[in-house]
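Here are my notes on the model you sent over, as numbered points. Have the structure open while you read.

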Amino acid sequence: MKKLLAVAIVSAMFSGSALAQLELAKQKNCLACHSVDKKVLGPSYKEIAAKYANDPGAEARLVKKVREGGTGVWGKNVMPANPKLTEEEAQSLVKWILSLK
């Protein structure tokens, strides 16, 4: 019952496309370190969207960071590389994350 309620709540919060992006993030293990609205090991997706809201070059830089990893922007935690994530998947996820303002 709890799982069904959780699915209903998530479905109500996101459009079909956003729900697909959330599922992709889950499949690619992004949700091990991030969540939509709260800090886990890394910043929430909403924090990322807010930080880069007025940065026209953010999308390209974040796609690269998602695929290659990085450190130092959000503290000492290291974001591991995700080389199995295609360029298209990374771009799709980053566009979705940046839309969560």
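1. The largest nonpolar core holds 22 residues, and Y45, L62, L93 and W96 have the most contacts inside it. A nonpolar core here is a set of buried Ala, Val, Leu, Ile, Met, Phe, Trp, Tyr and Cys residues joined through side-chain atoms within 4.5 Å. Helices α2, α3, α4 and α5 each put in at least two residues of this core, and the largest share, 6 residues, comes from α5. Buried means under 20% relative accessible area, exposed means over 50%, and partly exposed is in between (1.4 Å probe, protein chains only).

2. A word on where this comes from: it is a predicted model, with local features needing pLDDT of at least 70 and side-chain atom pairs counting only at pLDDT 80 or more, while totals for chains, interfaces and linings use all residues. Residues are numbered from 1 along each chain as its sequence is written, and side-chain values use heavy atoms, with hydrogens and water left out.

3. The overall layout is 5 helices and 2 strands, running α-α-α-α-β-β-α along the sequence. Helices (H or I, at least four residues) and strands (E, at least two) are DSSP runs, numbered from the N terminus. Of the 101 residues in the protein chain, 30% count as buried.

4. What about the surface and the longer-range contacts? The protein chain exposes about 6,800 Å², and carbon and sulfur atoms supply 59% of that; the areas come from the Shrake-Rupley method with a 1.4 Å probe, and for residues only the protein chains shown count as cover. Taking contacts between residues at least 6 apart in sequence, 42% join residues at least 24 apart, where contact means heavy atoms within 4.5 Å.

5. Now have a look at α4, residues 58-68. Which of its residues are buried? They are A58, L62, V63 and V66. Looking down the axis of α4, the buried residues fall within an arc of 130 degrees, so they line one face of the helix; the arc is taken from the directions from the helix axis to the C-beta atoms. Among the elements covering them are α3 (45-51), β2 (78-79) and α5 (87-98).

6. The other face of α4, turned away from the buried side, carries the exposed residues A60 and E68. Just after the helix, G69 takes a positive phi of about 85 degrees.

7. On to the charged pairs. Side chains of opposite charge can pair when their charged atoms come close. With a salt bridge defined as a side-chain nitrogen of Lys or Arg within 4 Å of a carboxyl oxygen of Asp or Glu, the count comes to 3.

8. R67 pairs with E87, their closest N and O atoms being 3.2 Å apart. This bridge links distant parts of the chain, R67 sitting in α4 and E87 in α5, 20 residues apart. Both ends are partly exposed: R67 has a relative accessible area of 26% and E87 has 42%.

9. K28 forms a salt bridge with E89, closest N and O atoms 3.6 Å apart. Here too distant parts are linked: K28 is in the loop between α2 (16-27) and α3, E89 is in α5, and they lie 61 residues apart. K28 is partly exposed at 29%.

10. The remaining pair to check is R61 with D55, where the closest N and O atoms are 2.3 Å apart. R61 is partly exposed, at 44% relative accessible area, and D55 also counts as partly exposed, at 27%.
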